[in-house]
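Hi everyone, thanks for making time. Let me put the structure up, and then we'll walk through how its pieces pack.

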Amino acid sequence: MSAYSEKVMDHFQHPRNMGEIENASGVGTVGNAKCGDIMRIFLDIDDDGIIRDVKFKTFGCGAAVATSSMATELVKGKRIEDALKITNAAVMEALDGLPPVKVHCSLLAEEAIHAALWDYAEKKGIKIEGLEKPKSDIHEGEEEEQEDY
């Protein structure tokens, strides 16, 4: 019996939106030095602030791939403001949950989207309400989590 839900397994085995967008409106890369996962999100945003297309490249475990895949599904077609509201909790919920030791993967997905939106805002010279400068490593300034191995 797998610790992962069917949805996690499905997104891991058949990831949606994998790849990259050339000349993307925004690209965000975040990593977690502790577990070695690296996630890069590419956004194609139109003049109305709608995310027309989104792709990802993830180097990491199955949960990292699955959360990237689900996160791209959740932001595709959304306005920037709505994409910003997609939290790691929403990603986990959409995947029917993650094992506790893999929760950081959903945080990576949230941060990668924010990093890509930040990059877009920088390129456009605009400020996106509620968007803070992303961390490149999600453990930066966080309490160390307990890992059970």
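Before the angles, a word on terms: axes are lines fitted to C-alpha atoms, for helices over the stretch in contact, and angles run from 0 to 180 degrees between N-to-C directions. Helices (H or I, at least four residues) and strands (E, at least two) are DSSP runs, numbered from the N terminus. This is a predicted model, where local features need pLDDT of at least 70, side-chain atom pairs count only at pLDDT 80 or more, and totals for chains, interfaces and linings use all residues. Residues are numbered from 1 along each chain as its sequence is written, and side-chain values use heavy atoms, with hydrogens and water left out.

Now the helix pair. α2 and α5 pack with their axes 8 Å apart, at an angle of about 40°. They are therefore oblique to each other; angles under 35 degrees count as roughly parallel, over 145 as roughly antiparallel, 65 to 115 as roughly perpendicular and the rest as oblique.

On to the sheet. Three strands make an open, antiparallel sheet in the order β1-β2-β3, and two strands pair if DSSP finds at least two bridges between them. At the edges sit β1 (26–32) and β3 (51–59), each pairing on one side only. Neighbouring strands are turned by 15° against each other on average, direction ignored. Helix α2 (residues 62–75) packs on this sheet, touching β2 and β3, with contact meaning heavy atoms within 4.5 Å. Its direction makes about 175° with that of β3. Helix α5 (residues 103–124), meanwhile, lies across β1 and β2 and runs at about 145° to β1.
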